[in-house]
Amino acid sequence: MTESENVIFAYTAADAVADGNSARPFPELAQEAGYNLPVILTRAAYADVIEWTRTDAPQDETGRFWDVLTMARRAAQHAAADPGAPFPFQVLRLPNTVNGKHSRAEIPRLAVLTVRVEIYDRDMTPCLVIALPGED
């Protein structure tokens, strides 16, 4: 974009969080894990790998988010040379639900996620967006 172009509308990651289309869980935990940028998850990614409503297993959303942060960092250390390209990573997690119903599964399942850099707010602050493959 050049200086002569005017932006009429921009939907930022902060807008998506405010609208409920994305989540910014535990910002302090992301900082503790060494992330200097806001970490955002799409609603679908949050539901798949972070959300925990079961009461029958020793997990919580904080621990699940820590696992995602750890695996994203590890994958970033081995990501392709293109710093703007999204890169995939994997995390094991117990399913919270299967086919929309609470799951009693106790076998961890692999989830594939992607990380990309986007604009967080109108101040052009960058952020990391964690999503399911194929999500924009």
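Trainee: Over how many bridges do E3 and E6 pair?

Mentor: This is a predicted model, in which local features need pLDDT of at least 70 and side-chain atom pairs count only at pLDDT 80 or more, while totals for chains, interfaces and linings use all residues. Residues are numbered from 1 along each chain as its sequence is written, and side-chain values rest on heavy atoms, with hydrogens and water left out. Strands (E, at least two residues) and helices (H or I, at least four) are DSSP runs, numbered from the N terminus, and two strands pair if DSSP finds at least two bridges between them. Pro88 stands opposite Thr114 in E6, and the pairing of E3 with E6 is antiparallel, with a bridge count of seven.

Trainee: Which face-lining residues of H4 are buried?

Mentor: Buried means under 20% relative accessible area, exposed means over 50%, and partly exposed lies in between, with a 1.4 Å probe and protein chains only. What covers them includes H2 (27-32), H3 and strands E2 (39-42), E3 (87-93), E6 (109-119) and E7 (126-131). The buried residues are Arg64, Phe65, Val68, Leu69, Ala72 and Ala75.

Trainee: How far apart are the end C-alpha atoms of H4?

Mentor: The expected span of a helix is 1.5 Å times one less than its number of residues. For the 16 residues of H4 this gives 22 Å, which agrees with the separation of its end C-alpha atoms, 22 Å.

Trainee: How far is the backbone nitrogen of Gly63 from a polar atom of the side chain of Asp60?

Mentor: Asp60 lies in the loop between H3 (43-49) and H4 (61-76), and with a relative accessible area of 42% it counts as partly exposed. A polar contact is a pair of N or O atoms within 3.5 Å; within protein, one must be able to donate a hydrogen and the other to accept it, and residues adjacent in sequence count only if both atoms are side-chain atoms. At the start of H4, a side-chain oxygen of Asp60 reaches to within 3.3 Å of the backbone nitrogen of Thr62. For the backbone nitrogen of Gly63, the distance to a polar atom of the Asp60 side chain is 2.7 Å.

Trainee: Which residue forms a salt bridge with Arg122?

Mentor: A salt bridge is a side-chain nitrogen of Lys or Arg within 4 Å of a carboxyl oxygen of Asp or Glu, and a search of the whole structure finds three of them. Arg122 is exposed at 54% relative accessibility, and the closest N and O atoms of its pair are 3.0 Å apart. Arg122 lies in the loop between E6 and E7 while its partner lies in H1 (residues 13-19), so the pair ties together parts that are 107 residues apart in sequence. That partner is Asp15.

Trainee: Is Arg93 buried or exposed?

Mentor: Arg93 forms a salt bridge with Asp48, the closest N and O atoms being 2.6 Å apart. Asp48 belongs to H3 and Arg93 to E3, so the pair ties together parts that are 45 residues apart in sequence. Asp48 is partly exposed, with a relative accessible area of 24%, whereas Arg93, at 11% relative accessibility, counts as buried.

Trainee: With which residues is Thr12 in contact, leaving aside its neighbours within four places in sequence?

Mentor: Thr12 is found in the segment before H1 and is buried, with a relative accessible area of 6%. Its side chain reaches the backbone oxygen of Tyr120 at 3.2 Å. Contact means heavy atoms within 4.5 Å, and beyond those sequence neighbours the residues in contact with Thr12 are Ile119, Tyr120, Asp121 and Arg122.

Trainee: What value is phi of Met124 near?

Mentor: Most residues other than glycine have a negative phi. Met124 is in the loop between E6 and E7 and is exposed, with a relative accessible area of 56%. Its phi is positive, near 70 degrees.
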